[in-house]
Amino acid sequence: MHFGILFDLDGTLLDTLGDIHGAVNYTMRRFGLPEKTREEVRSAIGHGVLHILEKVSEGTGADPQELVQVYKPYYDAHCLDTTAPYPGVMEMLNTLSARYPVAVVSNKLDDQTKAICSRFFPGVYALGQRDGIPVKPAPDMLHIAMKELGISRGVFVGDSDTDVLSAKNAGLPCLSVLWGFQDREYLQSVGATCFCQTAEDILKWMENYEHGQ
């Protein structure tokens, strides 16, 4: 099998916003900083935890690296409080993983990515942010996952501009889901061309791909 499917995690397979929002505001309170709305946190997701904390603390003088040290243990302990798969995702993954190698590639920290995936998607290869590996939209993480899966071709499924650019940089087609953290208009502005309204649409895309081979 030389073809596989790579998935982003936050906003693509799982609705993680509630737990990320909770961890952000816990961190803000600990540092005496103003709390953020769900939408403010949503708009910061996609480039890893440091980027999130840089954005939400912008203009406060806080050191984002120090914020990470508070955020990480809290999120580790609460990352499964409200996080859940989007509708149809489990059925879609079960169908696809029976046909193709499947991986999750996230800018979330590697230990968190693996812990969450082991809860919801046991047996699926998962890769998160690691020291020394450029995060998405650099292609490195996608290439590592493809090597681990033993595939030379694939498709990347995500919900953000980061995912669109990651796929482009890795030379892969991108399926952009519309139930995640960014809307269609914005995704189109960064080059997205293929959209999925539901998890079933991903299956339909793959069926069309198979028939075209």
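In the predicted model, the side chains of Asp-8 and Lys-136 form a salt bridge with an N to O distance of 3.0 Å; a salt bridge is taken as a side-chain nitrogen of Lys or Arg within 4 Å of a carboxyl oxygen of Asp or Glu. The pair links distant parts of the chain, 128 residues apart: Asp-8 is in the loop between strand 1 (3–7) and strand 2 (14–15), and Lys-136 is in the loop between strand 5 (125–129) and helix 7 (140–149). Helices (H or I, at least four residues) and strands (E, at least two) are DSSP runs, numbered from the N terminus. Residues are numbered from 1 along each chain as its sequence is written, and side-chain values use heavy atoms, with hydrogens and water left out. Because the model is predicted, local features need pLDDT of at least 70 and side-chain atom pairs count only at pLDDT 80 or more, whereas totals for chains, interfaces and linings use all residues.

Asp-8 has a relative accessibility of 6% and therefore counts as buried. The classes are buried (under 20% relative accessible area), exposed (over 50%) and partly exposed (in between), with a 1.4 Å probe and protein chains only. Lys-136 is likewise buried, at a relative accessible area of 1%. Lys-136 also forms a salt bridge with Asp-163, where the closest N and O atoms are 3.0 Å apart. This pair, too, links distant parts of the chain, with Asp-163 in helix 8 (residues 161–170) and Lys-136 in the loop between strand 5 and helix 7, 27 residues apart. Asp-163 is buried at 1% relative accessibility. Through shared partners, salt bridges join Asp-8, Lys-136 and Asp-163 into one network. The peptide bond from Lys-136 to Pro-137 is cis, with omega near 20°, and Pro-137 lies in the loop between strand 5 and helix 7.

Nine salt bridges are found in a search of the whole structure. One further pair is Lys-114 with Asp-110, whose closest N and O atoms are 2.7 Å apart. Both residues lie in helix 6, four residues apart, about one turn of the helix. Lys-114 counts as partly exposed, at 33% relative accessibility, whereas Asp-110 counts as buried, at 14%.

Helix packing was examined next. Two packed helices are described by the angle between their axes and the distance between the axes. Axes are lines fitted to C-alpha atoms, for helices over the stretch in contact, and angles run from 0 to 180 degrees between N-to-C directions. Helix 4 (residues 64–78) packs with helix 1 (residues 17–30) at an angle of about 140°, the axes being 9 Å apart. The two helices are therefore oblique to each other; angles under 35 degrees count as roughly parallel, over 145 as roughly antiparallel, 65 to 115 as roughly perpendicular and the rest as oblique. Helix 1 contributes Asp-19, Ile-20, Gly-22, Ala-23, Val-24, Tyr-26, Thr-27 and Arg-30 to the contact, and helix 4 contributes Leu-67, Val-70, Tyr-71, Tyr-74, Tyr-75 and His-78. Contact means heavy atoms within 4.5 Å. By class, the residues of this contact are nine nonpolar, three polar and two charged. Ala, Val, Leu, Ile, Met, Phe, Trp, Tyr, Cys and Pro count as nonpolar, Asp, Glu, Lys and Arg as charged, and the others, Gly among them, as polar.

Helix 4 also packs with helix 6 (residues 110–120), at an angle of about 10° and with the axes 11 Å apart. Helix 4 and helix 6 are therefore roughly parallel. In this contact, Lys-72, Tyr-75 and Asp-76 of helix 4 meet Asp-111, Gln-112 and Ile-116 of helix 6. The residues divide into two nonpolar, one polar and three charged.

Two partly exposed residues were also considered. Ala-84 is in strand 3 (residues 84–85) and counts as partly exposed, at 32% relative accessibility. Apart from its neighbours within four places in sequence, Ala-84 is in contact with Leu-13, Leu-14, Asp-15 and Phe-120. Ile-144, in helix 7, is partly exposed with a relative accessible area of 26%. With neighbours within four places in sequence left aside, the contacts of Ile-144 are Tyr-125, Leu-127 and Ile-133. The C-alpha atoms of Ile-144 and Met-92 are 24 Å apart in space, the two residues being 52 residues apart in sequence.
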